[in-house]
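Student: I have a model open and want to go through a few local features. Can we start with strand pairing?

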Amino acid sequence: MRTNYDIIVIGGGHAGAEAAWAASRLGADTALVTMKIEAIGRMSCNPAIGGVGKGQMVREIDALGGLMGLAIDATGIQFRMLNRSKGPAVWSPRAQADRDLYAREVRRLLETCRGLDFVEGLVEDIVVRHGHVAGVNLAGGLVLHAPIVIITTGTFMQALMHCGERQREGGRVGEQAAAGMSATLANLGFELGRFKTGTPPRVHRDTVDFDVLERQPGEDPPTPFSFVTDEISQPQIDCWITYTTAEGHDLIRANLHRSAMYSGQIKATGVRYCPSIEDKVVRFADKPRHQVFLEPEGYESDWVYLNGLGTSLPQDVQEAFVRTIPGLERARILQLGYAVEYDYVPTRQTKYSLETKLVDGLFLAGQVNGTSGYEEAAGQGLLAGVNAVRKLQECEPIVLRRDQAYLGVMIDDLIARPPDEPYRMFTSRAEYRILLRADNADDRLTPIGKEIGLVDDDRWGRFERKRILIEAVERELANQRVNGKAAIEALRHPHAEWSDVADQLPADSFAAVPAEVQEQVLIRAKYHGYLERMVRDIERLQRMESYRIPCDVPLAEIGGLRVEAREKLAAVQPLTIGQASRIAGLTPADITTLWIGLEASRRST
């Protein structure tokens with residue numbers, strides 16, 4: 001079999017799939033190494049894509065030419081737009097997936113990539129020569145050679161699963177841990193940290209009393225994730241809502257000492273914003289109940305995912321607790337909830353390109369960087385794959401700005417402020433969220449995807465036709481009058497809808513405007529004033545963002561900088577003054593001193 005490649009991707013989860021997709025579609029001969037080929041694209045936890053902040057990232061991945069949006073559109077079984085009652089800036093697409101169909105679709109999409117091979121095996125060691133990656137050694141003796149390696153091991157590095165007092169090695173039920181990878185990275189000089197995540201029990205659908213549950217239907221018609229999906233044609237199904245009870249809370253309190261989290265058995269830090277049911281009962285003791293979402297795992301699946309009940313309680317307690325919940329009195333658990341501890345690499349050791357600082361050609365993406373969630377992992381995987389190819393081509397890496405994308409916010413947060421708990425995206429993390437909407441991800445990022453080479457001619461043609469039509473409609477609305485003022489001005493009224501204005505205008509001008517164009521014109525009109533002010537703010541900030549820090553300037557030698565500032569600058573290695581300004585612990589005075597020092601250095605050369 002083939003053993004020489006341009007790029008090797010370790011891990012077939014969401015980060016690995018996007019990295020392999022990007023690298024191979026950009027022309028690199030790529031090997032995707034995974035412990036089980038059938039596990040590529042598998043959803044370890046909830047059978048869903050998107051959500052608040054996360055849905056925006058999936059739209060961005062798609063706008064750049066990634067695969068996640070395509071995969072969920074083909075396999076989603078319920079689509080919803082969260083936060084519809086609020087402004088468009090926080091509208092967030094989310095979809096339930098058929099778990100098995102989703103993994104199959106990811107694999108099918110990857111199989112369309114020329115130059116991409118799947119290699120089943122366990123990586124035991126990364127080959128490094130004189131500080132540069134040279135390949136990987138697999139269990140059994142096989143050696144793969146490549147100048148670039150992307151690690152996307154998810155929750156599998158030195159992974160340990162906990163269910164009550166019981167422990168076993170593995171990053172997911174039925175799959176072994178990547179035991180050797182942690183030792184390999186430690187031997188290369190990397191500092192490792194340890195995080196925790198968890199998952200809830202799944203129950204058999206035939207043992208659920210749906211008649212007493214609150215029905216949660218999807219959107220009709222469903223809104224696709226991908227900008228190249230015309231419509232969602234597959235059948236849509238319902239989800240359901242129920243609540244925990246005081247009886248169940250009492251049961252948990254009486255058994256906290258048997259929870260792996262509360263017994264001291266788990267030492268790692270967990271996801272603050274996705275607490276276990278034990279955490280909820282303890283931290284929110286005044287709440288009489290907590291919401292539970294029942295999410296079917298597929299059209300033909302008997303499994304129902306109990307979203308909101310992540311736990312590491314032992315089996316007998318889980319079974320008793322679940323049966324205290326209305327509608328689940330007869331529930332039969334098919335898979336117990338459990339917690340997973342795993343190693344990660346703190347991101348102060350990583351560049352903005354997602355290449356490591358210690359080893360040339362070694363990239364990290366996904367939960368190995370301390371993030372949580374499929375969407376965060378996929379976004380990193382896509383950017384790591386792109387930047388790996390650009391390194392081969394000796395091109396500058398793609399580093400998205402905070403005003404360009406949630407993906408840019410995430411990478412900047414990770415590198416400038418390395419997380420001490422699993423990182424999760426929220427709309428509140430983005431200071432430019434009015435600009436970074438789910439609906440305009442194509443307008444923001446598809447030109448970048450085209451420049452990179454990931455956006456094909458079909459996608460680009462669709463984007464251009466839409467953009468031209470939006471601009472034409474806006475010009476026409478500026479020329480038409482409604483109640484004595486320009487029609488575009490009438491659309492800016494807070495309560496105005498498209499039909500309120502369009503119905504008063506010549507039908508031949510506006511009757512055939514597609515719904516997606518109507519939505520864009522309406523949103524752009526309503527946010528017009530905000531966006532004008534925001535663009536001015538961004539232009540001012542761009543002076544700092546565009547002021548690049550030369551790589552050959554020793555920051556530690558710039559006079560006037562505090563010792564702590566020098567240490568932090570050396571650790572993060574920011575590319576611009578803007579990135580330096582967001583490093584935790586640096587003061588405005590430090591940034592001014594840095595700027596003056598760089599200017600002095602520039603003049604002297």
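Student: Which residue stands opposite V143 in β9?

Tutor: N137 stands opposite V143. The model is predicted, so local features need pLDDT of at least 70 and side-chain atom pairs pLDDT 80 or more, while totals for chains, interfaces and linings use all residues. Residues are numbered from 1 along each chain as its sequence is written, and side-chain values use heavy atoms, with hydrogens and water left out.

Student: How many bridges do β8 and β9 share?

Tutor: β8 (residues 132–138) pairs with β9 over three bridges, in the antiparallel sense. Pairing here takes at least two DSSP bridges between two strands; strands are DSSP E runs of at least two residues, helices H or I runs of at least four, both numbered from the N terminus.

Student: What is the strand order in that sheet?

Tutor: The order is β7-β8-β9, an open sheet of three strands with antiparallel pairing. β7 (123–129) and β9 (143–145) are the edge strands, each pairing on one side only.

Student: Switching to helices: at what angle do α2 and α10 cross?

Tutor: The axes of α2 (residues 54–64) and α10 (residues 406–416) cross at roughly 110 degrees and come within 8 Å. Axes are lines fitted to C-alpha atoms, for helices over the stretch in contact, with angles from 0 to 180 degrees between N-to-C directions. That makes α2 roughly perpendicular to α10, a label for 65 to 115 degrees.

Student: Which residues make the contact?

Tutor: Q56, M57, E60, I61 and L64 of α2, with Y406, L407 and M410 of α10; contact means heavy atoms within 4.5 Å.

Key:
Angles under 35 degrees count as roughly parallel, over 145 as roughly antiparallel, 65 to 115 as roughly perpendicular and the rest as oblique.
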